[in-house]
Amino acid sequence: MRAAILAEAPGKLFVDDVTIDSPDANEVLVRVGACGLCHSDVHVLDGHLPAVLPTVPGHEAAGVVEAVGSDVTGLHPGDHVVMCTAQFCGTCRPCSRGETWLCERRRQIGRTPQLPPLRWGDRPLHALGSLGGLAEQMLVHRNALVAVPPDLPLDRAALLGCAVLTGVGSVFNGARVRPGETVAVIGCGGIGLNIVQGARLAGAERIVAVDRQSAKLDLARVFGATDVVDASSTDPVAEVVERTAGGVDHAFEAVGLAATIAQAFDMARPGRTAYVVGVPASDATIEVPGGPLVFRSKGLRGLIMGASRFKDDIPMLARLYEQGRLLLDELIAERIDLDDVNGGYDTLRTGTAARSVVTFDT
Ligand SMILES: [Zn+2]
Ligand SMILES: [Zn+2]
């Protein structure tokens with residue numbers, strides 16, 4: 001089967017023929033239908049986040065089950081599934097409290113670096129995040145996927161596994177936005193747009209979207225923004241604070257840059273919190289002013305994977321889409337072939353489109 005391989009970082013992806021193992025007891029072999037391109041993989045491609053190479057990136061994938069291991073229950077060939085990078089053990093302290101997104105043994109389940117699931121010629125080939133969705137097939141731990149209704153198109157289903165889960169989950173589970181509250185969202189890419197629509201679903205009264213690109217601000221209005229602020233032509237902090245009479249109840253940062261994280265902190269009104277949802281580079285340092293931190297009792301909190309129990313939340317999100325309440329079609333800016341994956345990541349780097357999705361024939 002074919003896969004997009006990262007052999008050195010920083011570097012480009014190289015599409016080539018590879019081989020994949022058959023499933024171990026706890027694994028599922030999936031025929032990939034679609035894989036969205038997400039910014040956290042760009043950090044790996046650009047050498048800003050470490051990874052064992054060579055590897056196959058891609059973690060926002062959906063597909064069809066081809067085979068299941070002997071200990072996998074409740075899944076059968078032909079079932080449609082969404083993968084999620086928040087794989088969990090189910091028995092550690094956070095898992096036993098129901099906080100599976102904080103699993104302490106996440107890296108110990110699934111394939112070890114000594115036993116990668118793929119081979120590239122005679123070289124071992126790794127799957128980034130134990131997923132490796134930019135390939136025609138994936139070998140995935142049973143606790144890294146969940147079944148979804150078969151009538152949900154796979155290109156839209158894929159987005160539930162990262163952008164939508166992260167964005168909507170940050171609002172529902174992380175910040176627990178309540179009806180009538182005010183929200184600001186910095187960065188209106190795939191994740192930011194889903195924070196906006198999460199805030200709409202939660203009943204937020206004012207949802208201020210901030211970006212530097214007018215096309216993304218137009219899209220943010222479609223997803224539920226009541227106000228938009230073009231940060232390329234105005235001071236976004238002053239604008240948000242003025243429009244919300246002193247700051248918002250919840251400020252979300254979906255870019256992952258120190259400067260915009262500090263802006264989110266400054267947008268939160270006294271007593272409330274700024275949430276960092278964008279992934280900063282591993283060596284980034286975040287600075288916020290010390291006075292407001294204490295005298296205005298402000299919080300700064302990171303959120304991973306929308307603080308979501310994805311096995312419950314992804315099917316819930318699929319039902320919201322079926323009911324017409326969750327937008328997914330509008331997230332997809334382009335569908336591309338695996339051979340065009342480098343161009344898709346270039347588009348992501350320029351930040352001009354919502355989501356590029358690699359689609360496969362299933
Ligand atoms: Zn992602
Ligand atoms: Zn665990």
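What follows is a short chat about a predicted model.

Me: Which residues coordinate the zinc ion (ligand 2)?

Reply: C89, C92, C95 and C103 coordinate the zinc ion (ligand 2), each through SG, at 2.3 to 2.4 Å.

Me: How are those donor residues spaced in sequence?

Reply: The spacing is C-x2-C-x2-C-x7-C.

Me: And what is the arrangement of the 4 donor atoms?

Reply: Tetrahedral, because the angles they subtend at the zinc ion (ligand 2) run from 104 to 117°. For four tetrahedral donors the ideal angle is 109.5 degrees.

Me: Is C89 buried or exposed?

Reply: C89 is buried, and C95 is buried too.

Me: Change of topic. Which residues of helix 10 are buried?

Reply: In helix 10, residues 341-350, the buried ones are V341, N342, G344, Y345 and L348. They sit on the same side of helix 10, because they cover an arc of only 155° around the axis.

Me: What covers them?

Reply: The cover for the buried residues of helix 10 includes strand 1 (2-6), strand 2 (13-17), helix 1 (39-45), strand 18 (332-336) and strand 19 (355-359).

Me: What happens just after helix 10?

Reply: G351 takes a positive phi of about 70° there.

Me: Where is R355, and what does its side chain pair with?

Reply: R355 is in strand 19. Its side chain makes a polar contact of 2.9 Å with the side chain of E60. R355 counts as buried because its relative accessible area is 3%, under the 20% cut-off.

Me: What else does R355 touch?

Reply: Leaving out residues up to four places away in sequence, R355 touches several residues, including L37, C38, L159, A163, G190 and L348. L348 is also one of the buried residues of helix 10.

Me: How many residues are in the largest nonpolar core?

Reply: It has 63 residues, and those with the most contacts inside it are L160, V164, F252, I314 and L326. Helix 3 (154-175) is among the elements that supply at least two residues of this core, as are strand 6 (60-68) and helix 9 (310-322). Helix 3 gives the most, with 11 residues.

Me: What is L326 in contact with?

Reply: Neighbours within four places aside, L326 contacts L160, V164, V168, Q197, L201, L317, L320 and Y321. Apart from this core lies another, of 44 residues, among them V56, M83, A127 and L134.

Me: Backbone next. Which peptide bonds are cis?

Reply: The bond from A9 to P10 is cis, with omega near 0°, and so is the one from L53 to P54, with omega near -5°. P10 is in the loop between strand 1 and strand 2, while P54 is in the loop between helix 1 and strand 5 (55-56). Most peptide bonds are trans.

Me: Which residues have a positive phi although they are not glycine?

Reply: A245 has one of about 55°, and M305 has one of about 50°.

Me: Where do they lie, and are they buried or exposed?

Reply: A245 lies in the loop between helix 6 (236-243) and strand 15 (248-253), and is exposed because its relative accessible area is 74%. M305 lies in the loop between strand 17 (299-302) and helix 9, and counts as buried because its relative accessibility is 8%.

Conventions: Residues numbered from 1 in each chain as written. Chains lettered and ligands numbered in written order. Predicted model: local features only at pLDDT ≥ 70, side-chain atom pairs only at ≥ 80, totals over all residues. Heavy atoms only, no water. Donors = N, O, S within 2.8 Å, 3.2 Å for Na, K, Ca; no water. Tetrahedral: all angles 85-135°; square planar, octahedral: opposite > 155°, others 65-115°. Buried < 20%, exposed > 50% of the residue type's maximum accessible area, 1.4 Å probe, protein only. Helix = DSSP H or I, 4+ residues; strand = E, 2+ residues; numbered from the N terminus. Arc of directions from axis to C-beta. Contact = heavy atoms within 4.5 Å. Polar contact = N/O pair within 3.5 Å; in protein donor to acceptor, adjacent residues only side chain to side chain. Core = buried A, V, L, I, M, F, W, Y, C linked by side-chain atoms within 4.5 Å.
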